[in-house]
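Subject: Structure handover

Hello,

Here is the structure you asked for. Please look through it first, then read the notes below.

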Amino acid sequence: VIEIYQSLQDDKTLEDLYKLGIEKDPKDAQLWAGLAVAQANLQKYKEARESAQKAISLKPDFASELEDFLKSLPQ
């Protein structure tokens with residue numbers, strides 16, 4: 001379902017879907033990273049930073065990619 005909404009670029013629905021997925025599996029770093037992107041696209045930059053940091057804490061392998069993402073967000 002997430003892939004469908006990604007192709008539609010429906011970030012509001014994606015945000016809700018990622019949150020639902022995180023409720024089911026709060027340790028899934030991929031869900032946290034996806035949530036961060038959706039939040040950034042919705043201009044929720046503070047929340048996007050927090051979600052990206054959570055993804056990094058769960059999977060340090062994401063650090064380089066997500067740190068570039070974090071640097072790209074407006075202050």
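Which element gives the largest share of the lining of the largest pocket? That share, five residues, comes from α3. Helices here are DSSP runs of H or I with at least four residues, numbered from the N terminus.

This is a predicted model, in which local features need pLDDT of at least 70, side-chain atom pairs count only at pLDDT 80 or more, and totals for chains, interfaces and linings use all residues. Residues are numbered from 1 along each chain as its sequence is written, and side-chain values use heavy atoms, with hydrogens and water left out.

The pocket. On a 1 Å grid over the protein atoms alone, a pocket is an open set of points where a 1.4 Å probe fits, with protein on both sides within 12 Å along at least five of seven lines; lining residues have an atom within 4 Å of a point. Residues lining the largest pocket include Y18, F62 and F69. Two or more lining residues come from each of α3 (29-41) and α5 (63-72).

The helices. The chain has five helices and zero strands. The axes (lines fitted to C-alpha atoms over the stretch in contact, with angles from 0 to 180 degrees between N-to-C directions) of α4 (residues 45-58) and α5 come within 10 Å and cross at roughly 170°. Therefore α4 is roughly antiparallel to α5, a term for angles over 145 degrees. Contact (heavy atoms within 4.5 Å) involves, among others, A48 and A52 of α4 and L66 and L70 of α5.

Overall size. The C-alpha atoms fill a box of roughly 25 × 25 × 20 Å along the principal axes.

Regards

Key
Parallel < 35°, antiparallel > 145°, perpendicular 65-115°, else oblique.
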